[in-house]
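Subject: Structure for your review

Hello,

Please find the structure below, followed by notes on what was found in it.

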Amino acid sequence: METKWLKETDIKAAAELLRQGEVVSFPTETVYGLGADATNDQAVKKIYEAKGRPADNPLIIHVADLDQIAEYAVEVSEKAETVMQHFWPGPCTIVLKKKGPLAPTVTAGLSTVGIRMPSHPIALELIRACGKPLAAPSANSSGKPSPTAAEHVYRDLNGKISGIIDGGETGVGLESTVLDLSNPDQPAILRPGGISQAELEAVIGPVLFKPGLTEETEAPMAPGMKYTHYSPVEPVLIVAKDGTGWERAIHQCEAAGERVGLLASEEIIHAFKSETTVTFSLGKSGDSVTASKRLFKGLRFFEETEATVILAEAYDREGIGEAYMNRLEKAAADKYI
Ligand code: TXA
Ligand code: MG
């Protein structure tokens, strides 16, 4: 199929495609999403097909109005209200008990649904023009880093989806925080993201931190966390702050015949680049906001280069740094050097 390259001015056309049951990629403030009408099961199935996404990994629904929540979630608790008030529109997904006319495939058989209101103007306008909530995972092929630019979506999904709305580069660069509020007595972060644990705790009190697979008995987790989502072609090694150090890490890799890619701050690149290294800057040292914005772009960048191994910088796990380290550790399969 032909994938239409759409602009901000084509939102009506994009909404029409969505209403007809097609899938269209659109920008959000976190990463690009791959949207379909969340009440149309055939349409939602096309998302899984285009991405090659395992069928047991549920999708987030995106709304543009608070009124829509009552239609799709039961028992919107006081804590859920508070989180919505403080962080919506924005990068926080709330998991609630579901109800209403959602396509069964959206929630992959779970009794809960993840909902968020994105803050990107194009996303909001598109949802409103469509008149339906949009089911939307990140618009990458399964196994690739999430797309932070329309070109990334094109590279992964050209020919497989009906359109892409180009809204430039996304802001946060990492996906939303997934907060499980299906039991309001035990709020839990299932995936760290744009809104930190500290920010959430400031408004609703203690929040558990349970990303990825913990004890198997501790359901429900974000099912998506069991897949290695962010696996670039080249192996990634995280250079630990208290580890070997950059010089020795580079030496060790080069001695093994590797071509080293440095995914690091300007300062580290300045200090350790050489004629043989390939580099991608994550911004100023210690600036985890900029590093988060650039991480996925950087991982994709190295796929186009001769680098055979990526040495990546660790950031402090504060604020968005927690989400940065979570995605980086997934990309590196937890390997440190
Ligand atoms: O920022 C984002 O959240 C982006 C943009 C497009 O909105 N979307 C996104 O979707 O990252 P996706 O599908 O790539 O990741 C959704 C995550 C998965 O880990 C999934 O398992 C989890 O949310 N999830 C969705 N519904 C859930 C539910 N009912 N219970 C637990 N986890 C859920
Ligand atoms: Mg994803």
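In these notes, two residues are in contact when they have heavy atoms within 4.5 Å. This is a predicted model, and every value here is computed from it.

Domains. The chain is divided into domain 1, residues 4-209, and domain 2, residues 236-331. By the contact cut-off above, 24 residues of domain 1 touch 16 residues of domain 2. The C-alpha centres of domain 1 and domain 2 are 29 Å apart.

Fold and dimensions. The chain holds 11 helices and 15 strands. Its radius of gyration is 20 Å, close to the 20 Å from the globule rule for 337 residues, so the chain is as compact as a globular protein of that length. The C-alpha trace spans about 60 × 50 × 30 Å along its principal axes.

Of the contacts in the chain with a separation of 6 or more, 67% are between residues 24 or more positions apart. Of the 337 residues in the chain, 56% are buried.

Surface and charge. The chain has an accessible surface of about 14,100 Å², and carbon and sulfur atoms account for 50% of that surface. How many positive and negative side chains does the chain have? There are 34 positive and 47 negative ones, and the centres of the two sets are 4 Å apart.

Regards

Terms used
Residues are numbered from 1 along each chain as its sequence is written. Chains are lettered from A and ligands numbered from 1 in the order in which they are written. This is a predicted model: local features need pLDDT of at least 70, side-chain atom pairs count only at pLDDT 80 or more; totals for chains, interfaces and linings use all residues. Side-chain values use heavy atoms; hydrogens and water are left out. Helices (H or I, at least four residues) and strands (E, at least two) are DSSP runs, numbered from the N terminus. The radius of gyration is taken over C-alpha atoms; the globule rule is 2.2 Å times the number of residues to the power 0.38. Buried means under 20% relative accessible area, exposed over 50%, partly exposed in between (1.4 Å probe, protein chains only). Accessible areas come from the Shrake-Rupley method with a 1.4 Å probe; for residues, only the protein chains shown count as cover. Lys and Arg count as positive and Asp and Glu as negative; His and the chain ends are not counted. The place of a charge is taken as NZ of Lys, CZ of Arg, CG of Asp or CD of Glu. Domain bounds come from an automatic or database domain assignment.
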